[in-house]
Amino acid sequence: MISKEVKQYIKEQEEEAYELLKTLAQIPSPSNHEEKRMEFCKKWLEDAGAKGVYTDEALNVVYPYGVTESNPVVVIMAHMDVVFPDTQPLPFKEEAGRLYCPGIGDDTANLVNILLTARYLTQNHIFPKEVGLVFVCNSGEEGLGNLKGSKKICQTYKGRIREFYSMDGGLGGVVNRAVGSSRFKVTVKTEGGHSYGSFGNANAIEKLSGLIQEIYQIQVPLEGKTTYNVGTIEGGTSVNTIAQEASMLCEFRSDSKESLLYMEEKFKEIFDKDGVTVEVIGIRPCENLNEEQSAKREALLVRAEELLYRVTGKKPDRHPGSTDCNIPLSLGIPSVCYGTYYGKGAHTREEYVEKDSLSMGYEVAFETVLNYTV
């Protein structure tokens, strides 16, 4: 539990934290194009006195704190990217105690807490014990970012990560199962032709629709939860043209490694046809923990649940999810994901966070980090 002094510090910083959230939320940051937020976060940390902050080729902002050449580390990250493709400032408004902005909860509110906790430790010269802390404002969590930021951190600190935190989502729960996924762009090409003069020639749209029907006839495994989806389709030239080309984006997901392998085989069978090409556009692994690693992960989950309950007075739920923790969990690294706000509308332009919940979130973030300094 954090001290009265820390709680007082949090209270004193609430207005500044609010302004930081308001500023950061408006900075556009689509996946794979996080440069503007990357530059802002790096400068903000350096202005706060952080030394050794760097960016990498994945567009992560990394602040190793108390990290030596060989000590074990604990990673604490929140992602900078949002699902929205906007390149102009995102619209922000405050109304009836709610802060509205696309991406403000997922994951900007949590990103603010990474910055605030890192600054607190730096300016008060509070160092972790037994481990180093790696604060990361990371890239590539959403969509076709393919967890590139998390992957890069796991490569950079390979063999040294003792525990891994992704601050993502809200105060209401913890992610206890990693949902893996595979995503594809599937393209069908045919001869096509004039809709009247070449009637009878194969139509790429019709062939593609047949593949879609086959996907939707798959009987998913009963173990865990497994899903599939066709998200977009496109193709054709005009109403009086037999389509020569059509494509779709599709995926399958599961929290079971065995079920992912099953779905991979089913998709291969469906796509194994003349005129069909398949491009893998994203793979997210699910967890791969042995008994000892599972026990350590369970301890992190319990600690997170106790913390969230102590601060909010509400029992958090456990739920599966696809997060930055997928990468470390697939490598056997005990990891946990939870967030620091109440709100709704993630992945919509009506997304909001409850302003009154932010102070609770600051407590959760600070206690998570300060746990490694005592």
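Student: Which strands does helix α6 lie across?

Tutor: This is a predicted model. In it, helix α6, residues 204–215, lies across β9, β11, β13 and β14. Helix α6 runs at about 10 degrees to β13.

Student: OK, and what order do the strands have in that open sheet?

Tutor: The order is β11-β13-β9-β14. The sheet is open, has four strands, and its pairing is antiparallel.

Student: Which strands stand at the edges?

Tutor: β11, residues 226–235, and β14 do. Each has a single partner strand, so one side of each is left without a neighbour in the sheet.

Student: What does the twist average from one strand to the next?

Tutor: 15 degrees.

Student: Over how many bridges do β11 and β13 pair?

Tutor: Nine, in the antiparallel sense. Strand β13 covers residues 245–254. Take Thr-226 as an example: its bridge partner in β13 is Ser-254.

Student: New topic. How much space lies in the largest pocket?

Tutor: About 570 Å³. The lining has 32 residues. Nearest the centre lie Asp-106, Asp-168, Gly-169, Ala-346 and His-347.

Student: Which element gives the most to that lining of the largest pocket?

Tutor: β8, with three residues. Elements that each supply at least two residues include α4 (104–123) and β15 (317–321).

Student: How many of the lining residues of the largest pocket are charged?

Tutor: Nine are charged. Another nine are nonpolar, and 14 are polar.

Student: And the second largest pocket, how much space lies there?

Tutor: About 340 Å³. Its lining has 20 residues. Ser-182, Phe-252, Leu-260, Glu-264 and Ile-283 lie nearest the centre.

Student: Which elements give two or more residues to the lining of the second largest pocket?

Tutor: β9 (180–189), α7 (257–271) and β14 (276–284). α7 gives the most, with seven residues. By class, this lining divides into 11 nonpolar, four polar and five charged residues.

Student: Back to helices. At roughly what angle do the axes of α2 and α3 cross?

Tutor: Roughly 155 degrees. The axes come within 11 Å. Helix α2 spans residues 14–25, and helix α3 spans residues 35–47.

Student: Why is α2 roughly antiparallel to α3?

Tutor: Because the crossing angle is roughly 155 degrees, and angles over 145 count as roughly antiparallel.

Student: Which residues make the contact?

Tutor: From α2, Leu-20, Thr-23, Leu-24 and Ala-25. From α3, Arg-37, Phe-40, Cys-41 and Trp-44. By class, the contact of α2 with α3 has six nonpolar, one polar and one charged residues.

Definitions and conventions
Residues numbered from 1 in each chain as written. Predicted model: local features only at pLDDT ≥ 70, side-chain atom pairs only at ≥ 80, totals over all residues. Heavy atoms only, no water. 1 Å grid on protein atoms, 1.4 Å probe; cavity = no way out; pocket = protein on both sides within 12 Å on 5 of 7 lines; lining within 4 Å. Points joined across faces, edges and corners; volume = space filled by probe spheres on them. Nonpolar A, V, L, I, M, F, W, Y, C, P; charged D, E, K, R; others polar. Axes fitted to C-alpha atoms, helices over the stretch in contact; angles between N-to-C directions. Parallel < 35°, antiparallel > 145°, perpendicular 65-115°, else oblique. Contact = heavy atoms within 4.5 Å. Pairing = 2+ DSSP bridges.
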